[in-house]
Amino acid sequence: MNALLIDGYNLGFRCFYAMPDLTRTDGFPTGALHAFFNSLIKLSGEHTPHTTAVFFDKGGSARHLKIHPDYKANRREAPDKFKSQIPSMKYLCEIFGFNPTEREGIEADDLLASTAVKVKESGNTAIIASADKDFAQLVCPNIKQMLPPNPKNKEWTTLDSIGVKTKFGVSPTQIPDYLALIGDAVDNIEGIAGVGPKTAAKWLKDYGDIETIIRRFDWIKPDKFRTLIKEGESLLRRNLELITLDTTLDVEIPQQITPNFDDIIAFLEEMEMKKSLNTLRKFAKEQYEVDI
C-alpha cells in the first residue's frame with residue numbers, strides 16, 4: 001500500500017496565502033482551514049489506496065542550528081492569523097486519521113524523509129506532498145514527490161526521477177550538491193556567489209559531486225569561479241550537511257485509520273464551513289462508501 005506523506009506547514013502556508021481573509025462570525029480566522037480541508041480531500045483521492053501522515057515542525061531544528069546558528073534566521077514571524085489556525089489544522093488531520101506527526105527539536109523534513117525511506121524499505125511506495133525542493137533528493141522508484149498546483153498547472157503533479165532531471169538538470173542524488181552550490185535563500189543558506197542553476201547543473205554533469213568540484217577547482221570554467229570554489233570549500237561542505245535530509249530517525253510507518261466523520265462534521269459546523277460539508281459527504285461516499 002502507498003503511504004501519502006504530507007508536509008504540513010508547507011501545505012498550510014500555501015493555503016493561508018492562497019485564500020481571502022475569511023473569518024467565523026466571532027472573528028476567528030478560517031481562510032487557511034478552508035483550503036487545508038479541501039487539499040486533504042483532494043490529496044486523499046490521489047494514489048489510492050494509501051495510509052497518510054502529516055508532518056509539522058515543533059521548535060527549531062537542533063541538528064541544523066548546531067551546524068549553522070543562522071539557519072532560517074531570515075524568516076519573518078508567521079502571521080498571527082496563520083498561527084492561530086495551526087492547532088485546528090493538526091486536529092483536522094487527527095480526526096481524518098491522517099497521523100499528525102511532530103517531534104521537539106527535529107525538523108519535519110527529517111521526520112518525513114525518514115518515514116519515506118522506511119516505507120520504501122518495507123517494499124511499498126511513499127508519495128511526498130510538498131513544494132519543498134529538498135525532497136527531490138529522495139525521489140527514486142519507490143519514492144515520488146507531488147508538487148502542488150501553480151499558475152501553469154492547476155492540479156497536483158507527480159515528480160519521478162526523470163521529472164527531477166527535467167526540472168533541475170541533475171539526478172535526485174545530486175540535489176544536495178546542486179542546492180549547496182546555488183544556496184537556498186528560503187533557509188538562509190548562502191551559495192557560491194554568482195553560481196546559478198544552469199552553472200551548478202553543468203558542473204555536476206561534468207564532475208559528479210561537490211567533493212570532486214572542490215578537488216578539481218582549478219579545472220572549473222569559467223575561470224573566475226576557481227578562487228571562489230577554493231575559498232568556499234568549508235561553506236560548500238556545510239551547505240551539503242544542512243541540505244542532506246536525515247533519513248535515519250526512528251519512525252513508524254503510518255497506519256490506516258478510518259476518518260471519524262462525526263467529529264469532522266462537528267468541526268466543520270463549529271468553524272462555520274457549511275460548503276465543506278457537501279464536499280465531505282461526497283468524499284465519504286466515494287472513498288469509504290459511507291453515507292453521512
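On a 1 Å grid over the protein atoms alone, a cavity is a set of points where a 1.4 Å probe fits but cannot get out. I noted that this is a predicted model, where local features need pLDDT of at least 70, side-chain atom pairs count only at pLDDT 80 or more, and totals for chains, interfaces and linings use all residues. Residues are numbered from 1 along each chain as its sequence is written, and side-chain values use heavy atoms, with hydrogens and water left out.

Next I checked the volume, the space filled by probe spheres set on the points, which are joined across faces, edges and corners. The largest cavity comes to about 40 Å³.

Then I asked which residues line the largest cavity. Among them are Arg63, Tyr71, Asp109, Asp187, Leu242 and Ile243; a lining residue has an atom within 4 Å of a point. Helix 3 (62–67), helix 6 (108–121) and helix 12 (233–243) each give at least two lining residues. Helices here are DSSP runs of H or I with at least four residues, and strands are runs of E with at least two, numbered from the N terminus.

I stayed with helix 12. Its buried residues (under 20% relative accessible area, 1.4 Å probe, protein chains only) are Leu235, Leu236, Asn239, Leu240, Leu242 and Ile243. Seen down the axis, they fall within an arc of 160°, so they line one face of the helix; the arc is taken from the directions from the helix axis to the C-beta atoms. They pack (heavy atoms within 4.5 Å) against partners including helix 3 and strand 8 (189–190).

Key:
1 Å grid on protein atoms, 1.4 Å probe; cavity = no way out; pocket = protein on both sides within 12 Å on 5 of 7 lines; lining within 4 Å. Buried < 20%, exposed > 50% of the residue type's maximum accessible area, 1.4 Å probe, protein only.
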